[in-house]
Amino acid sequence: MIQTVRGVRDILPEETGRWWFLEETARRIFIQYGYRELRTPIFERTELFSRAVGETSDIVEKEMYVFQDRGGDSLCLRPEGTASVVRTFIENSQHRCLPWRVFYMGPMFRYERPQKGRFRQFHQIGCELFGPDGPLADAEMMSMVLRFFREIGIGDAVTLEINSLGCPVCRGPYRERLTAYLESVREVLCANCQRRMVRNPLRVLDCKEEGGSGVLQGAPAMRDHLCHGCEAHFQGLLGHLERLGLPYRINPFMVRGLDYYHRTAFEAVASGLGAQNAVAAGGRYDGLVAEMGGVSTPAVGFAMGMERLLLLLDENKVPVTRPDVYLVVAGEDLVTASGLMLAERLREAGLAVEMHLSGGGMKVQMKHAGRSEARIAVILGEQEVSAGMAAIKQMRTGEQEKIAMDQVVERIRLLLCQHH
Ligand SMILES: [Zn+2]
Ligand SMILES: [Zn+2]
């Protein structure tokens with residue numbers, strides 16, 4: 001028996017309703033903000049990610065599914081969404097018609113240790129906005145993210161955290177100060193941080209181990225070393241968030257590992273998920289398009305992991321998918337033929353109809369009707385068909401009536417309206 005690969009899983013029909021709900025809500029909200037969907041390939045040249053995500057990142061070093069195709073090219077399954085979006089932006093000379101607002105959703109792949117809510121094939125939804133460089137774009141995006149969380153019923157559980165990461169002008173001097181501080185506390189840092197403080201001291205700030213020891217409380221914060229332009233951007237953002245009435249918390253330890261991240265970084269943090277508490281993460285990456293060889297264009301974006309969202313989702317908001325009608329056909333060929341035709345007429349009228357196909361008596365078929373959770377059962381027996389009638393049963397109340405065949409569609413429509 002062949003089973004799924006470790007760390008991946010099937011999404012069964014009982015679960016897909018919740019996925020649809022997330023995806024449809026995201027589509028609806030993003031479209032309200034002027035975004036359109038972009039679909040990029042699931043595999044790309046490996047080089048794309050080593051450049052965009054960073055040669056030294058955990059993702060590129062340890063987690064990518066890299067393979068050689070039969071032509072000898074090194075390809076990989078996408079570990080995240082932004083790199084492909086940036087590639088598309090450059091490849092289609094999209095800088096000529098800014099702003100460019102796109103969203104994407106779909107599977108991503110990372111070779112990580114599987115655990116609750118974390119899979120090797122996981123799913124992300126994200127948005128990217130190219131063009132505007134001001135804090136208004138950042139604020140609009142955060143507002144959209146929070147609206148999405150309210151719509152899926154977790155608005156109250158989510159807190160917006162923001163920070164400024166500075167820019168190439170102010171980050172250099174800041175990095176020196178930070179490095180000096182880290183040198184002074186070197187012996188209490190974890191082994192991992194002692195190693196990376198040389199190459200990437202900023203990453204020490206979001207180390208979970210140091211977070212517990214309190215050694216970082218004394219570290220200099222980027223916030224206090226912003227250049228004039230970065231400070232104005234950050235103050236502008238705070239002003240917009242206040243005007244929009246969006247509560248936020250400044251988190252000076254929120255960092256991103258790469259140089260092309262500029263200024264704004266934000267996360268939506270959910271209570272009740274333990275250590276994996278960020279449900280959306282985003283920020284400004286003004287340097288990435290140029291880094292990837294395109295015409296320098298400011299950009300801001302975010303991504304969220306669907307598996308985590310599904311752990312938090314308000315089940316009451318998820319629409320139930322079930323047939324409107326279960327069609328019971330208890331009798332010989334004539335009855336079955338009438339049933340087939342009636343089912344098609346009902347579908348023509350836009351109704352979802354599950355017809356009983358596997359025979360059996362009335363009692364058995366009614367049991368199936370109940371299990372299907374259809375609101376109405378239409379029953380065709382020998383008697384009904386020879387009289388040109390059908391029996392309609394409202395499953396909730398048990399009420400049953402006989403209706404002329406040519407009036408069945410109208411009658412069912414009326415009953416379904418009354419149910420709503
Ligand atoms: Zn700056
Ligand atoms: Zn550490």
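Two strands are taken as paired if DSSP finds at least two bridges between them. On this basis, the predicted model contains an open sheet of 5 strands in the order β13-β12-β14-β15-β16, with mixed pairing. Strands β13 (353–355) and β16 (400–404) each have a single partner strand and stand at the edges, so one side of each is left without a neighbour in the sheet. On average, and with direction ignored, neighbouring strands of this sheet are turned by 25° against each other.

**Domain division**

The chain is divided into domain 1 (13–167 + 227–317) and domain 2 (325–415). A distance of 48 Å separates the C-alpha centres of domain 1 and domain 2.

| Strand pair | Sense | Bridges |
|---|---|---|
| β12 and β13 | parallel | 3 bridges |
| β12 and β14 | parallel | 6 bridges |
| β14 and β15 | antiparallel | 4 bridges |
| β15 and β16 | antiparallel | 5 bridges |

Tyrosine 326 has glutamate 354 in β13 as its bridge partner, while valine 325 is partnered by isoleucine 376 in β14. Isoleucine 376 in turn stands opposite glutamine 394 in β15. Alanine 390 is bridged to isoleucine 403 in β16.

Helix α12 (residues 333–348) lies across β12 (325–330), β13, β14 (376–381) and β15, and runs at about 165° to β12. Helix α13 (residues 362–372) packs on the sheet as well, where it touches β12, β13 and β14, and its direction makes about 170° with that of β12.

**Nonpolar cores**

Which residues touch the most other members of the largest nonpolar core? They are Met141, Met142, Val145 and Phe149, in a core of 77 residues. Helix α5 (residues 135–151) gives the most to this core, contributing 9 residues. When neighbours within four places in sequence are left aside, methionine 142 is in contact with Leu160, Leu241, Leu246 and Phe266. A second, separate core has 22 residues, including Tyr326, Leu327, Leu346 and Ala374. In soluble globular proteins, nonpolar side chains tend to be buried together.

**The crossing of α1 and α5**

Two packed helices are described by the angle between their axes and the distance between the axes. For helix α1 (residues 13–32) and α5, the axes come within 10 Å and cross at roughly 140°. This crossing of α1 and α5 is right-handed. At the contact, Thr25, Ala26 and Ile29 in α1 meet Met144, Arg147, Phe148 and Glu151 in α5.

**Strand β6 and its partners**

Is strand β6 (residues 121–130) largely enclosed or exposed? Of its 10 residues, 8 are buried, so β6 is largely enclosed by the rest of the structure. Strand β5 (residues 100–109) pairs with β6 in the antiparallel sense over 10 bridges, and within this pairing proline 107 stands opposite histidine 123 in β6. Strand β6 is also joined by 7 bridges to strand β11 (residues 299–305), and these two run antiparallel. Here leucine 129 has valine 300 in β11 as its bridge partner.

**The three-strand sheet**

A further open sheet has 3 strands in the order β2-β4-β3, with antiparallel pairing. Strands β2 (43–45) and β3 (66–68) stand at its edges with a single partner strand each, so one side of each is left without a neighbour in the sheet. Neighbouring strands of this sheet are turned by 35° against each other on average, direction ignored. Strand β2 pairs with strand β4 (residues 74–77) in the antiparallel sense over 3 bridges, and phenylalanine 43 has leucine 77 in β4 as its bridge partner.

Methods. Residues are numbered from 1 along each chain as its sequence is written. Chains are lettered from A and ligands numbered from 1 in the order in which they are written. This is a predicted model: local features need pLDDT of at least 70, side-chain atom pairs count only at pLDDT 80 or more; totals for chains, interfaces and linings use all residues. Domain bounds come from an automatic or database domain assignment. Axes are lines fitted to C-alpha atoms, for helices over the stretch in contact, and angles run from 0 to 180 degrees between N-to-C directions. Two residues are in contact if their C-beta atoms, placed from the backbone, lie within 7 Å. A nonpolar core is a set of buried Ala, Val, Leu, Ile, Met, Phe, Trp, Tyr and Cys residues joined through C-beta atoms within 7 Å. A residue is buried if 20 or more other C-beta atoms lie within 10 Å of its own, exposed if 12 or fewer, and partly exposed in between; C-beta atoms are placed from the backbone. A crossing is left-handed if the near helix is turned anticlockwise from the far one by less than a right angle, and right-handed if clockwise.
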